[in-house]
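Reader: Could you take me through this structure? I am new to it.

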Amino acid sequence: MTIGDISPKKERKSRRSKHVVDEKAPLLPKRQDEAGGYDEFNGASFTGAVFNLSTTIVGAGIMALPATMKVLGLILGIAMIVFMAFLTDASIEFLLRFSRAGKSTSYGGLMGDAFGKYGRIFLQVCVLVNNIGVLIVYMIIIGDVLSGTSSSGVHHAGVLEGWLGEHWWNGRTFVLIVTTLGIFSPLACFKRIDSLRFTSALSVALAVVFLVITVGIAIIKLISGTVMMPRLLPDVTDLTSFWKLFTTVPVLVTAYICHYNVHSIDNELEDSTQIRPVVRTALALCSTVYIMTSFFGFLLFGDATMDDVLANFDTNLGIPYSSLLNDAVRVSYAAHLMLVFPIVFYPLRLNMDGLLFPYSSPLAQSNTRFACITAGLIAVIFLGANFIPSIWDAFQFTGATAAVCLGFIFPAAVTLRNHHFIATKKDKMLALFMIVLAVFSNAVAIYSDAYALFKKNSGAGPRA
């Protein structure tokens, strides 16, 4: 479950001899005699943990980062990416330190320790809102890339339609049914997050493929002299352009959200002292990918960089084999999201089980509960992506709010609550800064989304 705690008999570096004494604990059994039928598991490797955490971080948000460079300029934009990586590292350190103090082995357990039952429930609801929203958006993007979209009133052909022509079997609904049954469902059936380490490694590799293609195209165009020098600093000419700078804050604040998976990865590590190096290695890897994607994406497209840089790869790039490279980028990105899906789904299922069955045995020990919750959640995500037209608009509001709560507000609140009296004055000041930044990010995101929605709905009105 997601809400209980495990109290080890004594602190050890190795987790092999750690005994479960609370039936509500979220940990999966690591030894056959503890599981009554599970194969022996001696702990996850450092590399596998890094790939799983990196995959949690690098989802769809990577495509919005080049557009932040267009607003902030390269120097300020890259500095903000690095700054947010350090701030995320600090927030995760808060989670881990207070979890150790309270012997909590789940995010829900930590919130329950600090704020009681309602704190745990609020955390679980936020995970549900955030992760269901993220997974629905992933499925929408996969459908758009493979089968095309007409949501804007103009039909954009998908990759399969461009290759094979328009047929019923490469239509959006059928493609997503096949993807759900053939990819999402099998990968969602693993009971340990470490079992996804190979698909996570492949997911990171596919993100790197996108990066390599972008870098290659930018270098070719740079050599041919068709790329202009990118803007290094923001172009602030009036009050409107000044306020526009703050629209990048929600994108940057949510770029590293992975906190809901940290405990699951930590719990399965063979050596519990490795979790800090795992977090820092994953953040360093993702920061490198983010910086290079932002730099070369903005270098390649300049002021024509769209809010979702993937849309820039739907046009002629002005180099040989442009169409082939466009398809390679889009297919690799769709495949990347398919492999991110089970990593984000894993904590979603745990928290749903914790919300519905807070006092039952561990989810991994009940095949019936495991199968029912898995099937139910996948069905909800599929239906949301296919049959609720306004779902994207809804999650633009709720998703940003839930994400910053998980990433910054909750860790900071636990630190300020200081239930175990281990927070320093510096910790509390940093926690206050996190809350202010998160609240400001939420306010900007909600205002921007509401304004964009209002503008879209009143598009037929008189022009200014």
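**Helix packing and the core**

Author: The axes of α3 and helix α12 (residues 275-301) come within 8 Å and cross at roughly 65°. Axes are lines fitted to C-alpha atoms, for helices over the stretch in contact, with angles from 0 to 180 degrees between N-to-C directions. Helices are DSSP runs (H or I, at least four residues), numbered from the N terminus. This is a predicted model: local features need pLDDT of at least 70, side-chain atom pairs count only at pLDDT 80 or more, and totals for chains, interfaces and linings use all residues. Residues are numbered from 1 along each chain as its sequence is written, and side-chain values use heavy atoms, with hydrogens and water left out.

Reader: Which residues in α3 and α12 meet?

Author: From α3, Leu65, Pro66, Met69 and Lys70 meet Tyr290, Thr293, Ser294, Gly297 and Phe298 in α12, contact being heavy atoms within 4.5 Å.

Reader: And where is Gly61?

Author: Gly61 lies in the loop between α2 (46-57) and α3 (65-72). Gly61 and Tyr290 are 229 residues apart in sequence and 9.5 Å apart in space, C-alpha to C-alpha.

Reader: Changing topic, how many residues has the largest nonpolar core?

Author: That core has 123 residues, and Tyr256, Tyr290, Phe345 and Phe410 have the most contacts inside it. A nonpolar core is a set of buried (under 20% relative accessible area) Ala, Val, Leu, Ile, Met, Phe, Trp, Tyr and Cys residues joined through side-chain atoms within 4.5 Å.

Reader: What is Phe410 in contact with?

Author: Leaving aside neighbours within four places in sequence, Phe410 is in contact with Tyr107, Met111, Phe122, Leu123, Cys126 and Cys405.

Technical notes
Buried means under 20% relative accessible area, exposed over 50%, partly exposed in between (1.4 Å probe, protein chains only). Helices (H or I, at least four residues) and strands (E, at least two) are DSSP runs, numbered from the N terminus.
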